[in-house]
Amino acid sequence: MSKSICNLNLSLQYLLLMITLLLLKVDSRTHPGDIRVLKDLKHGLHPESIAPGSCLSSWDFSVDPCDHIFSDRFTCGFRCDWFASDFFRVTEITLDPVGYSGLLSSTTWNLPYLQTLDVSDNSFYGSIPDSLSNLTRLRRLSLSINLLSGKMPVSLVSLDHLEELYLDNNSLHGSIPSNFSSLVSLKRLEIQENNLSGEFPDLGALKDLNYLDASDNQISGEVPSTLPVSLVELSMRNNNLRGKLPVSVGDLEFLQVLDLSHNKLSGPISSVLFDHPSLQQLTLSHNNFTFLQVPGTVGLTSNLIALDSSYNDLRGILPGFLCSMPKLSSLSLENNKFTGMIPSQYALKVAVPRSNSSSLERLLLGGNYLFGPIPSALMGLKPGSANVSLVDNCLYRCPDTFFFCQGGNQKSLVDCKKRFDTVIP
């Protein structure tokens, strides 16, 4: 009996020893290829850009990286996970924004288990290497706010699992690759503030893309008639877009934010934008639009909260349907060519609260050719109650005693007469 108990104890001790050795083996093994990439990444940087106390300043390859992660040898900058093999694999590299400077091509990027690569807000320069296509499990790639140049690499299209791509705030040039439509898992694309040019490609196949920002580039041509139907936010501000707004924008049923300001768009502002089921913020300022189309619902079903159509070539009288929009609280129509008197419903939507409709907290009508008296509903407004401006018009009287008349004079009689003679020959 005692011999059996002794043998059982020895067996248990052996089992515990094997488990301990196995755990020690697992916890101390980073894949050699992953170590090589981490080494190359650090050694490829300019030494003076590795600030004391930064993540990379702590990387000490005299010990195993994954075994010493979050220690004083490897304080931060990457993550490891176990994938049922003999090694831990690096699954995330997120560098701190301290001004690391170097070439991204200093390593092969042979990290087959990497899911996140974020080196944003540093000083990496040179082109985006094709070797990033080796990151076949990558879901998030952020190269924002660096000094990267060259073209957007076509090779990125091989990243089948990529969900978020941030290339904004660099100096990339050339056209946007048309084969980016193959990035079918993409949900967010940010390429703003580069020097990208050419026409915008057809990305209609990206059925999961909900955020697209291509602002502050040199993109030309028309607003694409085929856009991902899943878009929630679309910004192509400050480019060289021309032509009319495509009616197909109305088919983007989830769209909440649309910013096409600072382009060369012309023609009407389509009624589909005022009948849209989800659109809340519409910014079309600094274009060449000439008039607003009245929607069939006269604005009653609109979800717009903010509309900015300032600095265009809009003409005629102020459209009354805008004041029928129940949620509209910000309206800017300044610096256009509107004429006529200020409709009383504009003043009432600012000054008289309603239980079933939002009040206008912002009403900017300056820089037009509006004439006649100031609506009486506005006369009792106190400074700070709303942001209202009526300067630079043709109003009968707009003294500085009213806060909404401060900051600019009314147009001269000569200028007003010239405009009225043009409107009424």
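Modeller: What follows is a short tour, strand first, then rings, charges and a surface patch.

This is a predicted model, where local features need pLDDT of at least 70 and side-chain atom pairs count only at pLDDT 80 or more, while totals for chains, interfaces and linings use all residues. Residues are numbered from 1 along each chain as its sequence is written, and side-chain values use heavy atoms, with hydrogens and water left out.

Start with strand β2, residues 88-94. Strands here are DSSP runs of E with at least two residues, helices are runs of H or I with at least four, and both are numbered from the N terminus. β2 is mostly covered, with 5 of its 7 residues buried. Buried means under 20% relative accessible area, exposed means over 50%, and partly exposed lies in between (1.4 Å probe, protein chains only).

Which strands pair with β2? β1 runs antiparallel to β2, over 5 bridges. β4, residues 116-118, runs parallel to β2, joined by 3 bridges. Strands count as paired if DSSP finds at least two bridges between them. Look at single partners now. In β2, Ile-93 stands opposite Phe-78. Glu-92 has Thr-116 of β4 as its bridge partner.

Phe-78 leads on to the rings. Phe-78 belongs to an aromatic cluster with Trp-59, Phe-61 and Phe-74. A pair of aromatic rings is described by the distance of the centres and the angle of the planes. Rings of Phe, Tyr and Trp (its six-membered ring) pair if their centres lie within 6.5 Å; planes under 30 degrees apart are stacked, over 60 edge-to-face, and the rest tilted. The whole structure holds 10 such aromatic pairs. Phe-61 and Phe-74 both sit in the loop between α2 (32-43) and β1 (78-82), 13 residues apart. Phe-74 counts as buried because its relative accessibility is 0%.

Now the charges. Side chains of opposite charge can pair when their charged atoms come close. A salt bridge here is a side-chain nitrogen of Lys or Arg within 4 Å of a carboxyl oxygen of Asp or Glu. The count comes to 12 salt bridges. One of them joins Arg-79 and Asp-81, at 3.0 Å from N to O. Arg-79 counts as partly exposed because its relative accessibility is 42%. Asp-81 is partly exposed as well, at 22%.

Move to β4, which pairs with β2. Asp-118 meets Arg-140 in a salt bridge of 2.9 Å, N to O. The two come from distant parts of the chain: Asp-118 is in strand β4, Arg-140 in strand β6 (residues 140-142), and they are 22 residues apart. Asp-118 is buried, with a relative accessible area of 10%. Arg-140 is partly exposed, at 27%. Glu-164 joins in too: Asp-118, Arg-140 and Glu-164 are linked in a network of salt bridges.

A charge can also sit over a ring. The rule asks for NZ of Lys or CZ of Arg within 6 Å of the ring centre and within 35 degrees of the ring normal. Arg-137 lies over the face of Tyr-113, at 4.3 Å from the ring centre. Lys-411 does this with Tyr-369, at 4.5 Å.

Finish with a stop at the surface. Leu-103, Tyr-125 and Leu-147 form a nonpolar patch there, with about 250 Å² of accessible area together. Patches are made of residues with over 30% relative accessible area and no salt bridge; like charges are joined within 9 Å, and nonpolar side chains (Val, Leu, Ile, Met, Phe, Trp, Tyr) within 5 Å. The areas come from the Shrake-Rupley method with a 1.4 Å probe, and for residues only the protein chains shown count as cover. Leu-103 belongs to strand β3, residues 101-103. Why is Leu-103 called partly exposed? Because its relative accessibility is 35%, Leu-103 falls in that class.
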